[in-house]
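Here is a short briefing on one protein model. Look at the sequence and the fold first.

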Amino acid sequence: MSKFTEITPADITANPFSMIGDQWMLITAEKEGRVNAMTASWGGVGVLWGKKVAYIFIRPQRFTKEFVDASATLSLCFMPESQRANLKYFGSVSGRDEDKVSKTGLTVCHDGGTPYFGESDCVMICRKLYSQTLDPAGFVDQSIDAACYGAKDYHEVYVCEIEKVLKA
């Protein structure tokens with residue numbers, strides 16, 4: 001029996017600025033039967049194209065990007081503070097170098113074909129709608145380009161429909 005209850009995106013009561021910017025999230029996807037995730041603290045939620053969406057950003061060198069690109073769906077997993085060490089680990093070690101999921105002992109669950117972690121407080125099951133690499137010509141405030149993209153490794157932005165929310 002699952003500890004999760006399905007709610008609608010509109011029923012999320014937590015502050016999205018805290019959820020993403022302070023609590024952080026694990027962007028989780030599966031490719032060829034292997035699950036990988038990365039910690040993220042950039043992104044947002046809102047309404048676009050008449051849909052409830054989340055938008056996330058992934059740098060091109062991140063291994064998780066290959067998993068997100070290979071799948072139609074992904075999950076955004078928000079963890080309790082007791083998982084802070086695992087969140088830091090997922091943000092500092094590459095899945096190219098080791099199996100982060102096995103090393104942390106997190107429980108991989110699936111909703112349909114979309115992986116998520118059983119230790120999460122809140123999970124957004126998302127379907128990709130759009131992706132594009134940030135274009136440096138689009139920076140109205142050029143100081144952002146200088147401050148965040150010295151290596152010119154511009155993030156890929158993904159807009160994803162939130163198809164389901166699971167709340168612990």
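The notes below cover the nonpolar cores and then the salt bridges.

This is a predicted model, in which local features need pLDDT of at least 70, side-chain atom pairs count only at pLDDT 80 or more, and totals for chains, interfaces and linings use all residues. Residues are numbered from 1 along each chain as its sequence is written, and side-chain values use heavy atoms, with hydrogens and water left out.

**Nonpolar cores**

- A nonpolar core is a set of buried Ala, Val, Leu, Ile, Met, Phe, Trp, Tyr and Cys residues joined through side-chain atoms within 4.5 Å.
- Buried means under 20% relative accessible area, exposed means over 50%, and partly exposed lies in between (1.4 Å probe, protein chains only).
- The largest nonpolar core has 24 residues. Those touching the most other members are Ile27, Ile56, Leu74, Leu76, Phe78, Met124 and Cys126.
- Several elements give two or more residues to this core, including helix H1 (16–23), strand S6 (73–78), strand S9 (122–133) and strand S10 (156–167). Helices (H or I, at least four residues) and strands (E, at least two) are DSSP runs, numbered from the N terminus.
- S10 supplies the largest share of this core, four residues.
- Leaving aside residues up to four places away in sequence, Phe78 touches Met19, Ile20, Gln23, Trp24, Met25, Ser120, Asp121, Cys122 and Met124. Contact here means heavy atoms within 4.5 Å.
- A second, separate core has 17 residues, among them Leu26, Met79, Phe90 and Val123.

- Side chains of opposite charge can pair when their charged atoms come close.
- The structure holds 12 salt bridges. Each is a side-chain nitrogen of Lys or Arg within 4 Å of a carboxyl oxygen of Asp or Glu.
- Asp153 and Arg59 form one of them, at 2.9 Å from N to O.
- Asp153 sits in the loop between helix H5 (142–148) and S10, and Arg59 in the loop between S5 and H2, so the pair ties together parts that are 94 residues apart in sequence.
- Both Asp153 and Arg59 are buried.

**Other salt bridges**

- Arg84 pairs with Glu81, with the closest N and O atoms 3.1 Å apart. Arg84 is buried at 15% relative accessible area, whereas Glu81 is exposed at 56%.
- Lys152 pairs with Asp145, with the closest N and O atoms 3.6 Å apart. Lys152 is partly exposed at 49%, while Asp145 is buried at 7%.
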